Amino acid sequence: MTAPLKHSDPVNVDVALGDRAYDIVIGRGVLASLGERVARLRPGVRTAIITDRTVAKYWLEPTEASLASAGIPTSRIVVEEGEISKTYAGLEKVSEALIAAKIERNDLVIALGGGVVGDLAGFAAAILRRGVDFVQVPTSLLAQVDSSVGGKTGINSPQGKNLLGAFHQPVLVIADTAVLDTLSPRQFRAGYAEVAKYGVLGDEAFFTWLEKNHSDIFKGGSAREHAIATSCRAKAGVVSRDERETGERALLNLGHTFGHALEAATGFSDRLFHGEGVSIGMTLAAQFSAKLGMIGEADAARVERHLIEAGLPTRLQDIAGFAQEGLADADALMALMAQDKKVKRGKLTFILLEAVGRAVIAKDVEPAPVRDFLKEKLAQKA
């Protein structure tokens, strides 16, 4: 692990993808450097900023000011907050606005927002004029450590999460940790689930550090930059080795097979944020691993305990409206998991644990044990 960063020391994490390599710039106040960096990267470029209404209130004008200071013309496209925009209709709105703004192939789309905006803007950029470059300016913890890095873009289908999309790498990521100060506590906690995920799946020493220092991450001290940089380095390494998820990159989906099904069951609503679904899914993955004899009960309990200490949900019963039909039904959840992107020829693939800090890809998982496990968890009392 790296030594904890000081607020005054921005750090660059390289995503090594040959001629498509790019930097993740992490630090407090680095948003002000966006215009200068874009001008250096793409002289003479025009830009279009895609953001949502909430982020726009805080960060749209500073972003426009940074671009203007570098002489970069820009236009703005503002969408509704949340998964409601990550739809066919949302994609149409953004794509038509980009065309109307006359964004050309040599211009840049700038995704200013959390995971929804990043996924939506990135997908629109990928299909606009058969491919326009884009910059990620993630404004949530979840986006800074996960969704802004690696080039996964897309929208949801009514039948499942992220079922339509494209791999389209950004040309730059600007992760300003100061923007996280405007997040609600719930949003920040949801993003922290993805930070914890990196420790659980591949770095037990980092997980131990998180157990001792998570409160400082929440307070906004130098531990926050350290956690973000360590998470980004972990993801950048995996992406550089397996960009299109043909092998190792699937490990980054720890907790997501369960979690995405729960998000779909709750209608992609604010009843369950993505990171909250990942937290519950990660706990379920650890417990299912223990049930299969892959890890001990103590390891599974350790994962859950840390997530609880961070204020995250870990049980199905923690979800608002848990008893509603479709969520408290094992067969319904199994049907949703059958739409997971990792399903091959109808066989489920799970990311499971051999230890805290060592995840594995479990292919061809039979549905019966999963269904029985879900029924057992659903039967627990709230």
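## Close-up views of a predicted chain

**View 1. Helix H6, end to end.** Helix H6 (residues 185-202) has 18 residues, which at 1.5 Å a residue should span 26 Å, and its end C-alpha atoms sit 27 Å apart, so the two agree. The expected span here is 1.5 Å times one less than the number of residues. Helices (H or I, at least four residues) and strands (E, at least two) are DSSP runs, numbered from the N terminus. H6 is mostly covered, with 13 of its 18 residues buried; buried means under 20% relative accessible area, exposed over 50%, and partly exposed in between (1.4 Å probe, protein chains only).

A word on the model before moving on. This is a predicted model, where local features need pLDDT of at least 70 and side-chain atom pairs count only at pLDDT 80 or more, while totals for chains, interfaces and linings use all residues. Residues are numbered from 1 along each chain as its sequence is written, and side-chain values use heavy atoms, with hydrogens and water left out.

**View 2. The whole chain, for orientation.** The protein chain has 13 helices and eleven strands. Its radius of gyration is 20 Å, close to the 21 Å that the globule rule gives for 382 residues, so the chain is as compact as a globular protein of that length. That radius is taken over C-alpha atoms, and the globule rule is 2.2 Å times the number of residues to the power 0.38. Along the principal axes, the C-alpha atoms fill a box of roughly 60 × 45 × 35 Å. Buried residues make up 58% of the 382.

**View 3. The seven-stranded sheet.** Seven strands line up as E1-E2-E9-E6-E5-E3-E4 in an open sheet with mixed pairing; two strands pair if DSSP finds at least two bridges between them. At the edges are E1 (11-15) and E4 (74-79), each pairing on one side only. From one strand to the next, the twist averages 20°. Strand E3 (residues 47-52) pairs with E4 in the parallel sense over six bridges, and Thr 47 has Thr 74 in E4 as its bridge partner.

**View 4. Helices against the sheet.** Helix H3 (residues 88-100) packs on the sheet, touching E3, E4 and strand E5 (108-113), and its direction makes about 165° with that of E4. Helix H8 (residues 222-241) lies across E1 and strand E2 (22-27), running at about 15° to E1. Axes are lines fitted to C-alpha atoms, for helices over the stretch in contact, and angles run from 0 to 180 degrees between N-to-C directions. Contact means heavy atoms within 4.5 Å.

**View 5. Leu 272 in its loop.** Leu 272 lies in the loop between helix H9 (256-265) and helix H10 (274-291). At 4% relative accessibility, Leu 272 counts as buried. Beyond its neighbours within four places in sequence, the contacts of Leu 272 include Arg 186, Leu 262, Ile 280 and Ile 319.

**View 6. Helix H11 and what it packs on.** Helix H11 (residues 297-309) has buried residues that include Ala 300, Val 303 and Leu 307, and the buried residues of H11 pack against H6, helix H7 (204-219) and H10. After H11 comes Gly 311, with a positive phi near 85°.

**View 7. The E10-E11 hairpin.** Strands E10 (residues 348-355) and E11 (residues 358-365) run antiparallel, joined by six bridges. Ala 355 has Arg 358 in E11 as its bridge partner. Two residues separate the strands of this hairpin, and Gly 357 in the turn has a positive phi of about 100°.
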